[in-house]
Amino acid sequence: METFLKEAKEASRVLMSISGADKKNILLAMAQALREHMQELIKANTLDMKAGEENNLSSALMDRLLLDENRIEAMALAIEEIAALRDPVGRILDGWVTENELRMQKVSIPIGVIGIIYESRPNVTSDTAALC
């Protein structure tokens with residue numbers, strides 16, 4: 001786990017330096033990859049569903065776990081909606097000048113490495129990746 005976290009931190013430094021246009025292109029490629037690999041995702045999801053049944057997951061959890069063409073398309077559309085948002089990195093959020101003429105600014109920056117815990121919601125993975 002420690003190695004994984006170190007690698008994630010290093011990757012976050014690389015991502016901090018890419019342009020808004022590059023981030024948008026990456027997000028659009030993610031959405032396209034979901035569409036292109038839809039059948040593979042559905043096939044892998046059948047294994048998840050089988051494991052869920054074997055582990056007596058509730059019907060509500062099983063429903064949230066299920067992937068089909070409509071849900072994968074919704075995941076791709078959500079990523080495209082995020083791609084259409086203005087890049088928040090580098091935005092000046094507030095600014096002022098001090099008494100001695102020092103200009104101060106609050107500027108948004110990348111948030112770094114994110115950890116998230118969730119259950120039975122494959123779309124959370126793509127939503128979180130796109131938002132981060």
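Visitor: Which residues in H3 meet which residues in H5?

Guide: In this predicted model, the H3 side of the contact is made by Met38, Gln39, Leu41 and Ile42, and these meet Glu69, Ile72 and Glu73 in H5. Sorted by class, the residues of this contact divide into four nonpolar, one polar and two charged.

Visitor: Why are H3 and H5 called oblique to each other?

Guide: The axes of helix H3, which covers residues 38-54, and H5 cross at roughly 120° and come within 10 Å. Roughly perpendicular is kept for angles of 65 to 115 degrees and roughly antiparallel for angles over 145, so a crossing at roughly 120° falls into the remaining class, and H3 and H5 are therefore oblique to each other. The handedness of this crossing is right-handed.

Visitor: What makes H2 roughly antiparallel to H6?

Guide: Helix H2, residues 20-36, packs against helix H6, residues 122-131, at an angle of about 165°, and their axes lie 10 Å apart. Because angles over 145 degrees count as roughly antiparallel, the value of about 165° places H2 roughly antiparallel to H6. The crossing in which H2 passes H6 is right-handed. On the H2 side, Leu27, Met30 and Leu34 make the contact, while H6 brings Ser126, Ala129 and Ala130.

Visitor: How do H5 and H6 lie to each other, roughly parallel or roughly antiparallel, and why?

Guide: H5 and H6 pack with their axes 9 Å apart, at an angle of about 15°. Angles under 35 degrees count as roughly parallel, and H5 and H6 are therefore roughly parallel to each other. H5, too, passes H6 in a right-handed crossing. From H5 come Met75, Ala78, Ile79 and Ile82, which meet Pro122, Asn123, Ser126, Asp127, Ala130 and Leu131 in H6. By class, seven residues of this contact are nonpolar, two are polar and one is charged.

Visitor: How do you know whether the protein chain is spread out or a compact globule?

Guide: The protein chain has six helices and two strands, in the order α-α-α-α-α-β-β-α from the N terminus on. Its radius of gyration is 19 Å, whereas the globule rule gives 14 Å for 132 residues, and because the value is well over that figure, the chain is more spread out than a compact globule. Along its principal axes, the C-alpha trace of the protein chain spans about 70 × 30 × 25 Å.

Technical notes. Residues are numbered from 1 along each chain as its sequence is written. This is a predicted model: local features need pLDDT of at least 70, side-chain atom pairs count only at pLDDT 80 or more; totals for chains, interfaces and linings use all residues. Side-chain values use heavy atoms; hydrogens and water are left out. Axes are lines fitted to C-alpha atoms, for helices over the stretch in contact, and angles run from 0 to 180 degrees between N-to-C directions. Helices (H or I, at least four residues) and strands (E, at least two) are DSSP runs, numbered from the N terminus. A crossing is left-handed if the near helix is turned anticlockwise from the far one by less than a right angle, and right-handed if clockwise. Contact means heavy atoms within 4.5 Å. The radius of gyration is taken over C-alpha atoms; the globule rule is 2.2 Å times the number of residues to the power 0.38. Ala, Val, Leu, Ile, Met, Phe, Trp, Tyr, Cys and Pro count as nonpolar, Asp, Glu, Lys and Arg as charged, and the others, Gly among them, as polar.
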